[in-house]
Amino acid sequence: MCGIVGYVGNNDAAPVLLHGLAKLEYRGYDSAGICVRQNNLEPVIVKAEGKLKNLIDKTDSGKSLVGTSGIGHTRWATHGNPTVENAHPHHSDDYNVIGVHNGIIENYQELKDKLLRNGYTFYSETDTEVIIKLIDYYCKKYKKGPIDAINKAMVRARGSYALAIMCKNYPDQIWFAKKGSPLIVAKGNDGCYLASDVPAILKYTKNVYYPEDYECGVITKDSIKFYDLNGDELKNKKSVLIELDADSADKGNYPHFMIKEIEEQPEVIQKTLNYYLKNDVIDLSSTGLTDDFLANIRNIYIYACGSAYHTGVVAQYIMEEISGVNVRVELASEYKYREYSQRPQSLVIAISQSGETKDTHESVLKAKERNIPTLSICNVQKSTISRSSDYNMYTYAGLEIAVATTKAYSCQLINLYLLAIKLGRLNGTINDDLYNELISDLKRIPSLVKEIIEEKDQIQRIAQNLVPMKDVFFIGRGLDYTICLEGALKLKEITYINANAYAAGELKHGTISLIDEHVGVIALDTQSKLYEKTKSNMVEVKARNGKVLAVTNYGNYDVDSASNDQIYVPKINEYLTPSLAIISLQMLAYYASIAKGINPDKPRNLAKSVTVE
Ligand code: F6R
């Protein structure tokens with residue numbers, strides 16, 4: 001969603017801010033702005049609607065703004081349209097306080113009323129203008145400096161925020177505060193930085209600090225200070241070395257991040273496996289989970305959103321079959337507002353690429369309130385969700401930039417397979433033969449994924465057939481249905497084709513009335529015990545002139561008679577087929593998106609990390 005960058009240093013701030021904002025573009029936004037200041041001179045604010053390029057053009061790539069300190073922001077509209085008036089930075093009328101903000105101030109109306117009563121005027125529809133003016137109000141009322149004013153505002157504001165603030169009487173200093181929204185602070189050779197996400201500052205430094213909720217602080221060109229809510233300085237903050245390369249935030253020779261990330265899958269799946277599979281034994285010691293703890297778990301509750309939820313559905317099907325535990329998977333946004341008794345001997349698993357998704361994070365908090373142990377499967381280390389969880393089983397997909405997740409999804413599946421097998425082994429529900437087969441086939445996944453990627457020309461050809469379609473249904477049974485959920489999401493988010501997943505057995509209970517020559521049906525049929533049943537469903541669709549694309553295993557060539565086109569994936573232990581079938585569906589969506597002239601990296605209205613409800 002929104003992106004924040006701040007800089008104080010030896011160099012001109014504007015190019016640093018614009019570079020940082022460009023690296024955060026993937027998070028999704030619809031307007032942008034910066035404020036730059038040179039020592040005691042007046043600050044200059046420039047904002048533009050639409051793409052960052054408009055701001056870059058307006059400022060001559062930052063060259064028109066002189067000053068070595070500044071803040072920048074890309075805004076994903078929540079309160080009010082994406083206009084210049086609503087774009088950040090916002091400021092008090094006398095420019096005493098200028099700031100940018102990520103998150104949502106839930107009680108902004110109440111605070112606004114208070115400020116209106118105290119003579120403030122508002123020019124935008126945003127909650128940000130309210131929090132900035134609230135800080136200004138406390139600065140002027142108590143005259144105790146920015147830390148005191150920011151802390152007082154933090155006590156009054158409900159909701160989530162990461163704030164970067166410039167104050168008139170404190171040139172060459174940028175103040176920050178955090179609650180519930182991501183924020184990092186870092187020191188480089190040429191100054192200090194703050195940002196909502198690591199890619200913005202990777203070019204300058206890999207040593208970053210993570211402020212905790214209700215902490216605030218200040219950067220100058222050569223120092224970073226942190227304070228708690230009482231205004232006491234926190235002197236023992238430790239920095240963390242980020243393992244990412246600056247190159248990972250670049251497309252290299254690829255036309256889009258999405259295809260780069262699809263093609264990285266063999267490597268990152270291998271990397272994730274290497275972390276947890278040692279000499280064919282599943283070793284979760286780095287996660288903090290012990291065998292004794294896991295052996296005691298009888299119930300697993302999985303909470304996640306979007307694609308991460310879909311990996312949870314795969315896990316539910318597999319874990320319940322092979323590990324002897326009860327599994328319930330639920331959308332985090334639903335769980336949050338529902339009450340049901342959770343059984344003893346339970347573990348909550350939160351799955352999230354970004355580790356910042358608000359709904360998923362709140363599920364973790366709710367589980368903690370109920371004293372249920374929490375395990376997070378996140379891709380971003382030190383993210384909000386991972387820091388709130390008792391145990392962390394990271395995925396090692398590396399930086400994922402394309403809005404539609406691919407490689408993080410695949411790594412989440414790997415972690416969930418490993419957990420399922422581990423639980424099955426501890427509970428005695430997986431015998432030696434099955435264990436050996438699963439482990440040896442898990443190790444084959446990277447090379448088999450590579451084989452599928454090498455078939456991209458054929459998938460690109462088939463993807464052309466999707467271009468004229470308005471509706472595509474994904475059908476499948478059992479594990480194939482779980483893959484349909486993700487295949488349909490991929491297709492709809494980057495091609496804008498209405499794509500829906502149905503359990504194939506449900507077709508006759510209503511959906512079949514929609515089938516005609518204009519509808520495409522993608523039938524997943526990789527599970528041998530269900531093969532004939534799903535094939536019959538394909539025949540029924542074809543009989544009603546629907547166009548059927550079958551996705552099945554090599555060897556199932558009689559599927560030809562039931563379908564118009566076919567994609568074959570290699571054979572593997574069938575519990576693991578989702579890892580292979582999904583690669584074809586990711587590429588299908590990618591090439592259909594390209595054929596429709598859409599930029600798959602930045603689909604309309606979507607944001608990479610959803611930090612609001
Ligand atoms: C779809 C997609 C989203 C995310 C969802 C959760 O391609 O990327 O559906 O899966 O927004 O995000 P995380 O995993 O960051 O919690």
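1. On conventions, residues are numbered from 1 along each chain as its sequence is written, and side-chain values use heavy atoms, with hydrogens and water left out. Because the model is predicted, local features need pLDDT of at least 70 and side-chain atom pairs count only at pLDDT 80 or more, whereas totals for chains, interfaces and linings use all residues.

2. The ligand is surrounded by 14 residues, the closest being Ser352, Gln353, Ser354, Thr357 and Glu493, where a residue is near a molecule if one of its heavy atoms lies within 4 Å of it. By class, this shell holds five nonpolar, seven polar and two charged residues (Ala, Val, Leu, Ile, Met, Phe, Trp, Tyr, Cys and Pro count as nonpolar, Asp, Glu, Lys and Arg as charged, and the others, Gly among them, as polar). At least two shell residues come from each of α9 (306-322) and α16 (479-495); helices (H or I, at least four residues) and strands (E, at least two) are DSSP runs, numbered from the N terminus.

3. Oxygen atoms of the ligand have the following pairings with the protein. A polar side-chain atom of Thr357 lies 2.5 Å from a ligand oxygen, a backbone N or O atom of Gln353 lies 2.6 Å from a ligand oxygen, and a polar backbone atom of Val403 is 3.4 Å from an oxygen atom of the ligand. Of the 400 Å² of accessible area that the ligand has on its own, the protein covers 89% (areas come from the Shrake-Rupley method with a 1.4 Å probe).

4. The cis peptide bond from His88 to Pro89, with omega near 0°, is worth checking by eye. Pro89 belongs to the loop that runs between β4 (69-75) and β5 (90-91).

5. Lys143, although not a glycine, has a positive phi of about 50°, and its place is in the loop between α4 (127-142) and α5 (146-156). With a relative accessible area of 68%, Lys143 is exposed (buried means under 20% relative accessible area, exposed over 50%, partly exposed in between, with a 1.4 Å probe and protein chains only).

6. A positive phi, of about 65°, is also found at Lys382, which is not a glycine either. Lys382 lies in the loop between β21 (374-378) and α12 (384-388), and at 36% relative accessibility Lys382 counts as partly exposed.

Key:
A polar contact is a pair of N or O atoms within 3.5 Å; within protein, one must be able to donate a hydrogen and the other to accept it, and residues adjacent in sequence count only if both atoms are side-chain atoms.
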